[in-house]
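Here's a quick tour for anyone meeting this structure for the first time. Have a look at the sequence and the 3D view, then read on.

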Amino acid sequence: MPQPNDTPTAPDTFGQRVRRARERSGLTRAVVGGLVGRSAEWVKAIETGRLHTPRLALLLRLAEVLGVDVGDLTGEERISAATYSKAAHRELSAVKAALTSYSFPPRDEEPEGADALLARVRQAWQLWHGNGDHRSRIATIAPTLLADLQHAARVHDGTDRRSVLVGLAETYHLIQLYLSFQPVPELVMLTGDRAMTAAQDADSPQAVAGAAWYMNHVFRDAGEAHEARVDLAMKAAGLLHAVDDNPEDLARWGLLHLAAALSFAKRGRDGEAWRYWDKASDAARRLGENYCHPWLIFGPGMVDAYRLTMHNDLVQSGGAIDVATTIDLSPMPSATRRSFHQLEAARAYSMGGEHIAVVHLLKKAHKESPETVRYNLFARSALPDLVESGPAMVRDDARWLAQQLGVPA
């Protein structure tokens, strides 16, 4: 006779999966609705089954906001958001091999000097922030640079070894950025952890602070609670001497407070988000109006630009559009960052239903840095809907962009 626990249970509905993902992420219905361009009532109707599974473009955006894969919402394991919202770079396998393969040159094989290796790391950051296909450039040089730094860290000792470890941490940051928004979340986590380990081994508070900034991105992508991200950022900030005559520490201190602000904004916690943003902004102003860190790009321009993301995540479309109409990105010495903030402006106009402005900004961002747009989840999820139901005068442009990004539309 069948026991009660042998009775098959009905599978979760789409709405139940959405509700579970939303509650796990700590988001309210109003925040989720605003981020996907719908109302809180729409989210409630989805969760209670009054509305069925939305069309693909909106489904992708919903999964992105909730920090889950499409298959987690639909219950179909064969459906992956990576098919539509994440692209795999053509050199991904080579970079993956560099991370997961181990070579042990003889210790008597003389490594490159610490100064020369750090100069190569600086050059790699310049390539990342430069015009053109920055991911492709990093994929070309990262495997060799990583191997040379690892060998030098094993052979050098004392001050040289600590310097090499700092460069190794920064190289892992670069590889993490290369891997971001590709269908390899386990490698993003791996590079974040290795960067933090190298920074700690270097006994460098500045390197730990840089690693904490990038680990915040790892935690966010992994769906970790914002409390863990803020705690890490503040612990790392506490290691620094944030005084005006120490710009390296002050810049990283401000960057970590910006990380906390973005984390609170992502959870819809308005007051705490802007309080931490104010601290980041104050640090940037103390560094000077023209200051910009050479590879972290922290400075007044970056902090101001991130107001777009803050308003977007807090579902404050009016504030986001106000920033988008007044901010000047041209002085920012990073094509990848300029492109990213233009994409955030497009996201702001998307919340306001201004589709012509969205397509214009997507094209502008693509011209600035094609690979930034190609691997941007908002751009990849918005374009199919714009091709299908956007204003007639921009559908051709949206279709062209979708083709450039390899997005089914």
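## The enclosed space

The largest cavity in this predicted model holds about 40 Å³ of space. With a cut-off of 30 Å³ or more, the count comes to one cavity.

## What lines it

So who sits around that space? The lining of the largest cavity is made up of Val166, Ala169, Glu170, His173, Gln206, Ala207, Gly210, Arg252 and Trp295.

H10 is the top contributor, giving four residues to the lining.

Now for the backbone. Most residues other than glycine have a negative phi, but a couple of spots here go the other way. Ile297 isn't a glycine, yet its phi is positive, at about 65°. You'll find Ile297 in the loop between helix H15 (270–287) and helix H16 (300–313).

Val315 is another non-glycine residue with a positive phi, this time near 55°. Val315 belongs to the loop between H16 and helix H17 (317–326).

## Inside or outside?

Is Ile297 buried or exposed? Ile297 counts as buried, because its relative accessibility is 2% and the cut-off for buried is under 20%. Val315, with a relative accessible area of 28%, is partly exposed.

Key
Residues numbered from 1 in each chain as written. Predicted model: local features only at pLDDT ≥ 70, side-chain atom pairs only at ≥ 80, totals over all residues. Heavy atoms only, no water. 1 Å grid on protein atoms, 1.4 Å probe; cavity = no way out; pocket = protein on both sides within 12 Å on 5 of 7 lines; lining within 4 Å. Points joined across faces, edges and corners; volume = space filled by probe spheres on them. Helix = DSSP H or I, 4+ residues; strand = E, 2+ residues; numbered from the N terminus. Buried < 20%, exposed > 50% of the residue type's maximum accessible area, 1.4 Å probe, protein only.
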